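Subject: Structure for your review

Dear colleague,

Please find below the structure that I am handing over to you. I would ask you to look at it first and then to read the notes that follow.

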Amino acid sequence: MEVPNNPENNANCICPNCPTHNECMKNQKLFCSIGKTDCTVEKQGCLCGECPVASEYQLNDLYFCENGKAK
Amino acid sequence: MKIAEDTIKDWWVFPGFELEKVATGLELPVNIAFVPGPGQNAQDPFLYVSQLYGQVKVITRDFTVHTYASDLLNFKPDYKFPGSGESGLIGIVVEPESGDLFLSMIYEDNGETKAKIIRTSSEDGLRMKSQVTVIDNIPSVHAAHQIQALSIGFDEKLYVNLGDGMIDSKVAQDDNDLRGKILRMNFDGSVPSDNPNPESLIYAKGFRNPFGATWRKSDQALYVSDNGPASNDRIAKVEPGKNYGWPESLRQNSLFWWNFTQAPTAIAFMQDSQFPEDYYDELFISLFGTPNAKGKVIKGKKIVKIKINEDNSGIVSYDEFVKYTGVGPNSPCGLAFGKDGLYFTDLFSGSLYKIKLKKEGN
């Protein structure tokens, strides 16, 4: 399901709390909506499964920061 | 730091039962460990609570809260929920003979996050006097999937739930890595000679984030809860030498699973006389859900109970037992049976509740 890039989803997004979210990504979040980051992704664990945005939009994948937006 | 308000009316309870708030003012209370055979005096220790950010509280028989230990972490927690704020001090169990506590936690060592277990001693059970390290230097992470529940088996060995560390899930299948395993050890951390591999602490492998553990009297076995990535949380009966599948599968050798994750935390069997006989051997499970999610949510914020079938191949019933219905981030985390009811912690409000049979006429 496509995730809108809107203020509510941005507020609920937990990407900045994620161990994989790094300094390069500091102004980026909601990868399930905006797509993959242009920063280097060093996998340190993924919180997408715990995210309220993922629950609301019935997402079942991980590492949107690397794999791109939800389809 | 109190993150959520709490009112008892915000909790729905299964018909025939009622809720009693027995303690407040705890800070991020995680797990509960009852004192086996507590003394009869009002000031005797009754139960202990691990607090996520490095304290242990002891609650006496008169339900006064005392600080047993503090400053057990060597790093500053960051309160990020979900995320790195979910880590710290988790597991707690009372060694029945001495009254000592075993505690599991993460720590920082030259910039690396590691996991350890300590054993603490006290003269009166009210204040820690000394501590020794049982095992340490286990690679870990500042997030969930860390070292989790501790339990003591009927064989008087210490069992340890160890998450996969989140970064490389393949370690759960690596027999030379302790992560993603259930460990079995003597109380001094040494390997029991009757372990599946007499040279290894590993008792079973293939777990992801096994938060809860409890022992069942009727089959003398250990049961754990395990958390899936976005699907397949599960309950499993842990048997020596078995492989529980992660990262390939979170259903392998499982008793029961939720296709859509609910974040099961602590678990406990009703196996004494706290509830009527109909509830005997039912497993009560805290479903924590998404940390810090407020109000009505799809995941967690409840305690459910399941009845396991006779041949242990599945379950025959599933009920919601307690449910948070308010607007806050409240959710049950720790859970354990005391002699007079089922106790649980509400992580974000810092309250400890008891579920008991409703008195007639109420």
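A residue is called buried if 20 or more other C-beta atoms lie within 10 Å of its own. By that criterion, 50% of the 362 residues of chain B are buried. Please keep in mind that this is a predicted model.

Confidence

The mean pLDDT of chain B is 95, and 99% of the residues in this chain reach 70 or more. For the complex, the predictor reports a pTM of 0.94 and an ipTM of 0.77.

Chain B as a whole

Chain B contains 25 strands and 0 helices. Its radius of gyration is 19 Å, close to the 21 Å that the globule rule gives for 362 residues, so chain B is as compact as a globular protein of that length. The C-alpha trace of chain B spans about 60 × 45 × 40 Å along its principal axes. Among the contacts in chain B with a separation of 6 or more, 53% are between residues 24 or more positions apart.

Strand 7 of chain B pairs with strand 8 of chain B in the antiparallel sense over 4 bridges.

L101(B) stands opposite T120(B) in strand 9. The hairpin formed by strand 8 and strand 9 of chain B has 2 residues between the strands, and N110(B) in the turn has a positive phi of about 50°.

Strand 9 of chain B is in turn joined by 8 bridges to strand 10 (residues 128–139) of chain B, and the two run antiparallel. R119(B) stands opposite V132(B) in strand 10. This hairpin has 5 residues between the strands, and G125(B) takes a positive phi near 80° in it.

In general terms, strands of a sheet pair through backbone hydrogen bonds, either parallel or antiparallel.

A sheet of four strands

Further along chain B, 4 strands form an open sheet in the order 15-16-17-18, with antiparallel pairing. The edge strands are strand 15 (213–216) and strand 18 (256–260) of chain B, each of which pairs on one side only. On average, neighbouring strands of this sheet are turned by 15° against each other, direction ignored. Strand 17 (residues 231–238) of chain B pairs with strand 18 of chain B over 4 bridges in the antiparallel sense. Within strand 18, F256(B) is the bridge partner of I235(B).

The contact between the chains

How many residues does each chain bring to the contact? Chain A provides 16 residues and chain B provides 18 residues. On the side of chain B that touches chain A, 9 residues are nonpolar, 7 are polar and 2 are charged.

With kind regards

Notes:
Residues are numbered from 1 along each chain as its sequence is written. Chains are lettered from A and ligands numbered from 1 in the order in which they are written. This is a predicted model: local features need pLDDT of at least 70, side-chain atom pairs count only at pLDDT 80 or more; totals for chains, interfaces and linings use all residues. Two residues are in contact if their C-beta atoms, placed from the backbone, lie within 7 Å. Ala, Val, Leu, Ile, Met, Phe, Trp, Tyr, Cys and Pro count as nonpolar, Asp, Glu, Lys and Arg as charged, and the others, Gly among them, as polar. Two strands pair if DSSP finds at least two bridges between them. Axes are lines fitted to C-alpha atoms, for helices over the stretch in contact, and angles run from 0 to 180 degrees between N-to-C directions. The radius of gyration is taken over C-alpha atoms; the globule rule is 2.2 Å times the number of residues to the power 0.38. A residue is buried if 20 or more other C-beta atoms lie within 10 Å of its own, exposed if 12 or fewer, and partly exposed in between; C-beta atoms are placed from the backbone. pLDDT is the predictor's confidence in each residue, from 0 to 100.
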